[in-house]
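Subject: Structure handover

Hello,

Here is the structure I promised to pass on. Please open it beside this message as you read.

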Amino acid sequence: MGHSNIQLPTANFQSPSNLQEWVEEIGRLTKPARVVWLDGSDAEYERLLAEGVDTHVLIPLNPEKHPGSYLHRSHPKDVARTEQSTYICTPTKEDAGPTNNWMAPDEAHAILDRLFDGVMRTRTMYVIPFLMGPESAPSSRVGCEVTDSLYVAVNMRLMTRMGTVALKHLGQGREFFKGVHSVGTLDADHRYICHFPQERRVYSINSGYGGNALLSKKCVALRLGSWLGRQEGWLAEHMMLMGVEDPQGRITYLAGAFPSACGKTNLAMLRPPARFKGYRMWCVGDDIVWMRVGDDGRLYAVNPEAGFFGVAPGTSERTNPHMMRTIARHTIFTNVALTPEGTVWWEGLDRPEHPEGWLDWQGRPWDPARGEPAAHPNARFTAPLHQCPVIAPRWNDPHGVPIAAILFGCRRSTLVPLVYESFNWQHGVYLGATLSSETTAAATGATGLIRRDPMAMRPFCGYNMADYFAHWLTFGERLQHPPKMFRVNWFRKDERGAFLWPGFGENLRVLHWIVERCHGRAQATSTPIGHLPGPGALDTEGLDMSPEALRELFAVDRAGWLEATKRQAEFFQTFGDRFPSALWDEQQALIQRLKTMIEVGSRK
């Protein structure tokens, strides 16, 4: 492909020479029919949407019920992240670690060069400069994704600060993240999402699903971001970020790591129950944070994204009314059901009385009697952050917000109490490193299995997790005022399989105790696993819960925890000598405390 086929930026949209050279390099490999540089303007977005409708990539929705919104259907075999096709390409396998798939860089490049050769010959290559982080923040980073997917192009407009703003931040000659994506043939047997941390590059082919194709998100912001963060002394984490404002107007910011589909979006947009009059919740982000040590020795965090890419099933007026307001307009829905009125539906909304004429997520007539869901369990929506009715006033603060507490959440039916606090930073890192949760539909594979997911980062850490844990430990040593660290679990069940805790808005009762602990005002009881709420410290007034259920929520099962340490040790051993000795010390200390404990709660 020669220069004559490359459409360079316009006079009002000048790109640095190193970026142009790289785009031309990729153009020579993929040989697109045309190349379009995206500037992020409103007019351009409208043109892309119109093109999407003309090419049947997007289906316009009812303009009165869903103004400015569209439906997209992906291939039935391309509906979730494919971790088995995701690789970290480092010089040695040990640098990637046992939790990642590894491929030698030379081998990966050879495979990718063959697959990408001429792959865009009849397609448009969209060039998407994007900025991760607030516009004027020195910690923000620029990336550029080239893709032949119009679906990716419109979603990147919603998810990132895209176009001219990114080039302005980049300037001349600076490093940037490079992403190359093609839907290819959607051949799942030859699907690759390959990350080259040392090169700051990621290549994705034969998938159009957002988690594999929106390269700014998991690929750049987490996998490459975590690697760069270790080099530069910061953290890139799979966390929500929210502020809790009390009746006196004081806002306490919390970050929370939760595996996908385990409630972090609902928590980030929590609506206070009537019991907490005068409290307000502020959302900074629901999925990714970048954290640094501030000049005052405190931890500060920014949300590098500018939009939401959320799970639709289960989202409703009851579970997350603020998200329902957010996605009421200018939203791209993926793999949800379509009604004859041009509205969307998914499981978790009010049950339809007359679903005649409805189409399921694959565009087929939907019959509830068949027992198949109308929306795919991992159906998604993409919407801009600024539409959130509880977006935090400081969501775009270039300095970030100060973090008072870090939460490690999980979905566990047994063993893990509703909430408990670590003894210190090192113990908190241990709580994060031993996080395990029941699997969900966010990734391919079986659901409901217990899976080790340290810091909710197992699928997203771009290097050896033993080194990642060590980075967390040394990072904490630089904090003069480290945040408190907690484990939370909204999903514990009774012997009949019913949830013990009501969840959703009532989770503010737990957050209230956490905030009060951060400010030294709440009581706690020390147990072998950590500090649990003291008698009467957790506000349960008005909840229809028996004393037995409350005791079960906070029961510390000595035998169960001792058994859990055996499974933890098996996981630790997979890292060999690279695993930090400090975390082995924490486990031995836990075992000794459990062996000498006075029983707490209902289980012996």
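Below are notes on salt bridges and on one helix pair.

First, a caution: this is a predicted model.

**Salt bridges**

Side chains of opposite charge can pair when their charged atoms come close. A search of the whole structure turns up 37 salt bridges. A few are described here.

Start with glutamate 232 and arginine 141. They form a salt bridge, and their closest N and O atoms are 2.5 Å apart. Glutamate 232 sits in helix H8 (residues 216-232), and arginine 141 sits in strand S7 (residues 141-147), so the bridge ties together parts 91 residues apart in sequence. Glutamate 232 is partly exposed, at 37% relative accessibility. Arginine 141 is buried: its relative accessible area is 17%, and the cut-off for buried is under 20%.

Helix H8 also holds arginine 230, whose partner aspartate 467 lies in helix H12 (residues 465-477). Here the closest N and O atoms of the salt bridge are 3.9 Å apart. Arginine 230 counts as partly exposed, with 36% relative accessibility. Aspartate 467 is buried, at 11%.

The next pair joins two strands. Glutamate 421 and lysine 484 meet through their side chains in a salt bridge, at 3.1 Å from N to O. Glutamate 421 belongs to strand S24 (residues 419-421) and lysine 484 to strand S27 (residues 484-488), so parts 63 residues apart in sequence are tied together. Glutamate 421 is buried, with a relative accessible area of 3%. Lysine 484 is partly exposed, at 28%.

Some salt bridges form a network. One such network links Lys217, Lys218, Lys264, Asp287 and Glu305.

**A helix pair**

Two packed helices are described by the angle between their axes and the distance between the axes. How do helix H2 and helix H5 pack, and at what angle? The angle between H2 (residues 42-54) and H5 (residues 150-159) is about 145°, and their axes are 10 Å apart. The crossing of H2 past H5 is left-handed.

Which residues meet there? From H2 come Asp42, Tyr45, Leu48, Leu49, Glu51 and Gly52. From H5 come Leu150, Ala153, Val154, Arg157 and Leu158. The residues of this contact divide into 7 nonpolar, 1 polar and 3 charged.

Best wishes

How values were computed
Residues numbered from 1 in each chain as written. Predicted model: local features only at pLDDT ≥ 70, side-chain atom pairs only at ≥ 80, totals over all residues. Heavy atoms only, no water. Salt bridge = Lys/Arg side-chain N within 4 Å of Asp/Glu carboxyl O. Helix = DSSP H or I, 4+ residues; strand = E, 2+ residues; numbered from the N terminus. Buried < 20%, exposed > 50% of the residue type's maximum accessible area, 1.4 Å probe, protein only. Axes fitted to C-alpha atoms, helices over the stretch in contact; angles between N-to-C directions. Left-handed = near helix turned anticlockwise from the far one by under 90°. Contact = heavy atoms within 4.5 Å. Nonpolar A, V, L, I, M, F, W, Y, C, P; charged D, E, K, R; others polar.
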